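The sequence and structure are shown first.

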Amino acid sequence: MEGDIANVGQFIGAGLAGLGCGISALGVGNVAGNFLSGALRNPSAAAAQTATMFIGIAFAEALGIFSFLVAILLMFAV
Amino acid sequence: MGSSTDSGNGAGKFALIAALVVLVLAVLFTGPETPTLSIHPMDQFAVTPLFGDGDIAWYTPTNVTLWMLVAVVGVILLLVVGSRGRAVVPSRAQSVAELAYGFVHKMLEDVAGKEGLKFFPYVMTLFMFIVVANMVGLIPAAFTTTSHIAVTAVLALAVFLTVTIVGFVKNGAKFLELFWVSSAPLVLRPVLAFIEVISYFVRPVSHSIRLAGNLMAGHAVMKVFAGFAAALGVASFLPILAIVAMYALELLVAFIQAYVFTILTCVYLKDALHPSH
C-alpha cells in the first residue's frame, strides 16, 4: 500500500463496487417482502408461487453478485 | 425418531462445547503476537496439483478433481448404494434419496410440464451434483469446487447448448418466436427482440456466476472471520461464534443455490419446449 497512487483508486473502486451488494439486498428484500404480503392475503395460493419467488430473488441477487465480482477482481486480479 | 439419538444428545452437546473450548484455547495460545490478518481469504480457492508441484494440464489430478470425485462418489453412495434395499419402509438414506427424487421431479413437472420430464435424468444429475458438491465444500479444509467459475461455466454452458439445440430441433425456425414478443405493439417489437436476444446470451453468464459468486462470497467471509479470530487474542470467541452462524447460513445457501440453478434450468427448458410467449 506504500505510496502507490494507483492502488488508492483500486481500493476506492472496490469499495464503491461493494455498495452494489448492499443495494441488491434492497432488491432481494423487496421481492421476499412483497411475496410475503401477498402470501398472507391468500395463503392457499402461496405454495405454488414459492418457485417464482426464488427465481425473482435469484435475478435480483445476481446483480449484487456481479458487483461483488467487480470488487474481487479489483482487489485481487488488477 | 429413535431412543438411540436421545442418549447421544447430551454427549453430543458436551462434545460440541468441548470442541469449541479446545478451539478457543488453541487459537488463544497459538495465535500470532501481532494482530495481523494472517489468513488470506482467497488462499482457499487456489488450484494445486495433488502430486508434486508442476504445471497444471487438463489431465493433471488437482484438488478440484479430487473433491469433484468426492461429490460424485457421494451422489452414487446416496442414490445407488443408499437405496439399494428398496424397502417399503425406507431407511434414512433411502428416504433422503426418495425425497430428492420427488423434489426434482415435482419441480420439473410444475415448471416445464409433462413434456419436460424427458429431461428428468439430466436435471436430477445437475441438482444432485451441485447440492452434494456445495455441501462437501462446507466440510472444513475441503475444497469448494462449485466456487470456481470454470466448473459452473461448464455446467451452465451445457444447459445453454442443450436448451438451444432442443429448441431448434423441436420447433425449427419457430423457436425464434421466443425473441419476437407477439403480445407487444408492433413498433416496440424490434426493440424488445434486441433486448430478448441480449438477455438470452447473458443467461449462461449469470447462470454460472450466480452459483460461483455466492459460494465464493460465503467461503471468503468465513475465512475473513477466521482471520479476525486469529488476530483478536482473548476476544476471539466472538468471531468464532460469528463463523458458526455464517456456517448455518452457508448450509442454507448451499441448498438454495443448487435449487435456483436447477429451477432456472427448468425455466430455460420450458422456453425451449414452448417458445411462444
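Is B:Ala141 buried or exposed? The model is predicted, and in it B:Ala141 has 5 C-beta neighbours inside 10 Å, so the residue counts as exposed. B:Ala141 lies in the loop between H4 and helix H5 (149–171) of chain B. Its phi is positive, about 70°, although B:Ala141 is not a glycine.

A second residue of chain B with a positive phi is B:Arg86, where the angle is near 50° and the residue is again other than glycine. B:Arg86 belongs to the loop between helix H2 (63–81) and helix H3 (92–116) of chain B. This residue counts as exposed because 7 C-beta neighbours lie inside 10 Å.

**Chain A**

Chain A contains three helices and zero strands, which follow one another along the sequence in the pattern α-α-α. Its radius of gyration is 18 Å, whereas a compact globule of 78 residues would have a value near 12 Å. Taken along the principal axes, the C-alpha atoms of the chain fill a box of roughly 60 × 15 × 10 Å. Buried residues account for 10% of the 78 residues in chain A. Of the contacts in chain A between residues at least 6 apart in sequence, 85% join residues at least 24 apart.

**Helix packing**

| Helix pair | Axes | Angle | Handedness of crossing |
|---|---|---|---|
| H4(B) and H7(B) | within 8 Å | roughly 160° | right-handed |
| H3(A) and H6(B) | 9 Å apart | about 65° | left-handed |

From H4(B) the contact draws on B:Val123, B:Leu126, B:Phe127, B:Ile130, B:Val131, B:Asn134 and B:Met135. H7(B) contributes B:Ala254, B:Phe255, B:Gln257, B:Ala258, B:Phe261, B:Thr262, B:Thr265 and B:Cys266. By class, the residues of this contact are eleven nonpolar, four polar and no charged.

The second pair links the two chains: helix H3 (residues 50–77) of chain A packs against H6(B) at an angle of about 65°. H3(A) is therefore roughly perpendicular to H6(B). On the side of H3(A), the residues are A:Ala58, A:Glu61, A:Ala62, A:Ile65, A:Phe66, A:Phe68 and A:Leu69. They meet B:Ser206, B:Ile209, B:Arg210, B:Gly213, B:Asn214 and B:Ala217 in H6(B). This contact has eight nonpolar, three polar and two charged residues.

The contact between chain A and chain B takes eleven residues from chain A and 15 residues from chain B. On the side of chain A that touches chain B, ten residues are nonpolar, none is polar and one is charged.

Which helix of chain B holds B:Ala217? The residue is placed in helix H6 (residues 189–232), and B:Ala217 is among the residues that meet H3(A). B:Ala217 counts as buried because 20 other C-beta atoms lie within 10 Å. B:Ala217 and B:Ser147 are 70 residues apart in sequence, while their C-alpha atoms are 8.6 Å apart in space.

Note on methods:
Residues are numbered from 1 along each chain as its sequence is written. Chains are lettered from A and ligands numbered from 1 in the order in which they are written. This is a predicted model: local features need pLDDT of at least 70, side-chain atom pairs count only at pLDDT 80 or more; totals for chains, interfaces and linings use all residues. Axes are lines fitted to C-alpha atoms, for helices over the stretch in contact, and angles run from 0 to 180 degrees between N-to-C directions. Helices (H or I, at least four residues) and strands (E, at least two) are DSSP runs, numbered from the N terminus. A crossing is left-handed if the near helix is turned anticlockwise from the far one by less than a right angle, and right-handed if clockwise. Two residues are in contact if their C-beta atoms, placed from the backbone, lie within 7 Å. Ala, Val, Leu, Ile, Met, Phe, Trp, Tyr, Cys and Pro count as nonpolar, Asp, Glu, Lys and Arg as charged, and the others, Gly among them, as polar. The radius of gyration is taken over C-alpha atoms; the globule rule is 2.2 Å times the number of residues to the power 0.38. A residue is buried if 20 or more other C-beta atoms lie within 10 Å of its own, exposed if 12 or fewer, and partly exposed in between; C-beta atoms are placed from the backbone. Angles under 35 degrees count as roughly parallel, over 145 as roughly antiparallel, 65 to 115 as roughly perpendicular and the rest as oblique.
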